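Dear colleague,

Please find the structure below, together with its sequence. My notes on what was found in it follow directly after.

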Amino acid sequence: MGGTWRAMGMSFLVLALIGLIACVSCQSDGDDSSAKVFDDNFQIMWAEDHFRTSENGQVWHLVLDQKSGSGFKSKNKYRFGWFSMKLKLVPGDSAGVVTAYYMSSDTDKNRDELDFEFLGNRSGQPYALQTNIYAKGVGEREQRHTLWFDPTTEFHTYSILWNAHQIVFFVDQVPVRVHRHTKATRNVFPRKQGMYMFSSIWNADNWATRGGLEKTNWSAAPFVSSYKKFHGLGCKWEDDQTTLLPCANSNNASARHWWDKPVAWTLTKKQREYYRWVNSKYLTYDYCHDQSRYSTKPVECSVAPWD
């Protein structure tokens, strides 16, 4: 295990040393004072006895055992913004266990959704990160990356940038996926519904690890994923709204809403270098290239991540 992670870590260190550091200042963790306790932002969805928090409310834990998993959702919906959370994933033998961190309109058949899913593995094997995008109830846009670090020993930041021009999934400062809003993709770009933030942990050993071949080792339970420092910089949204709030209007975006200003409409030069690096070395599956599923590429697969 140590050799695998060290090799991956060295690749990332070399990249960092040549100056490929994200340049949008707001994409750091920011002032910790803006990271609220759990009750300020979220509510438990089920199995309260499988949710734990630190005494000061700053660190949260979701627990999975044979009885149940657990999950939480934000109290507010948002339409556009920057959303980040620090996660530390289930250590050890986590095959079959999925930790999800995602945004969703929670509107059944017509839902929009932006997914981070962390797929556990046998001890010593790297975690797989699966991202997915639903638009108008249609998903099946999976991409998978192997994480280039051990996500179980320290907290790492996972973020979603969502504005009228692009959706970007970040791991720490690295943009791993871009979904652009263009004339060609306007029908597959989530933009008309507000979305909640969610996270959950559950048993998915029928598919999560090696297509379901690796089953959950319940003798290793309980499985615990941990969270802290949620930053939700976005426009709150009510379902009866019919127009964007001023803070989500690109013509009116203030400095406080950097995520809807031109600097956030496309990747910077250095972010593009990160994107090329991570997708050349750690992308293991892309639905765009899966001819067994798509004889004709989905329209968004022909759109470049930037102009």
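Predicted model: local features only at pLDDT ≥ 70, side-chain atom pairs only at ≥ 80, totals over all residues.

Strand S6 (residues 97-104) and strand S13 (residues 196-203) run antiparallel and are joined by eight bridges. Within this pairing, Tyr-101 has Ser-199 of S13 as its bridge partner. Strands here are DSSP runs of E of at least two residues, and helices are runs of H or I of at least four residues, both numbered from the N terminus. Two strands count as paired if DSSP finds at least two bridges between them.

Residues are numbered from 1 along each chain as its sequence is written, and side-chain values use heavy atoms, with hydrogens and water left out.

The sheet is open and has eight strands in the order S1-S4-S13-S6-S7-S8-S9-S15, with antiparallel pairing. Its edge strands are S1 (42-46) and S15, each of which pairs on one side only. On average, neighbouring strands of this sheet are turned by 15 degrees against each other, direction ignored; the axes are lines fitted to C-alpha atoms, and angles run from 0 to 180 degrees between N-to-C directions.

Ser-104 stands opposite Glu-113 of S7, and Phe-116 has Thr-131 in S8 as its bridge partner. Seven of the seven residues of S7 are buried, so the strand is largely enclosed by the rest of the structure. Buried means under 20% relative accessible area, exposed means over 50%, and partly exposed lies in between (1.4 Å probe, protein chains only). In a regular strand, side chains alternate between the two faces of the sheet. In S7 both faces are covered: Glu-113, Asp-115, Glu-117 and Leu-119 are buried on one side, and Leu-114, Phe-116 and Phe-118 on the other.

Which residues does the UniProt annotation "active site" cover? The unreviewed entry gives Glu-113 and Glu-117; such annotations may be inferred rather than shown by experiment, and their positions are in the numbering used here, with feature names shortened. Glu-113 counts as buried at 9% relative accessibility. Leaving aside residues up to four places away in sequence, Glu-113 touches Tyr-102, Met-103, Ser-104, Asn-132, Ile-133, Tyr-134 and Met-195, where contact means heavy atoms within 4.5 Å.

The unreviewed UniProt entry also lists Asn-121 as "glycosylation site". With a relative accessible area of 18%, Asn-121 is buried. Among the residues that Asn-121 touches beyond four places in sequence are Asp-93, Pro-126 and Thr-209.

There is one disulfide, defined as a pair of cysteine sulfur atoms within 2.5 Å. Cys-288 and Cys-301 form this disulfide, with their sulfur atoms 2.0 Å apart. The torsion about their S-S bond is about -80 degrees, so the disulfide is left-handed. Both Cys-288 and Cys-301 are buried.

As for the whole protein, its secondary structure comes to three helices and 15 strands. Of its 307 residues, 52% count as buried.

Yours sincerely
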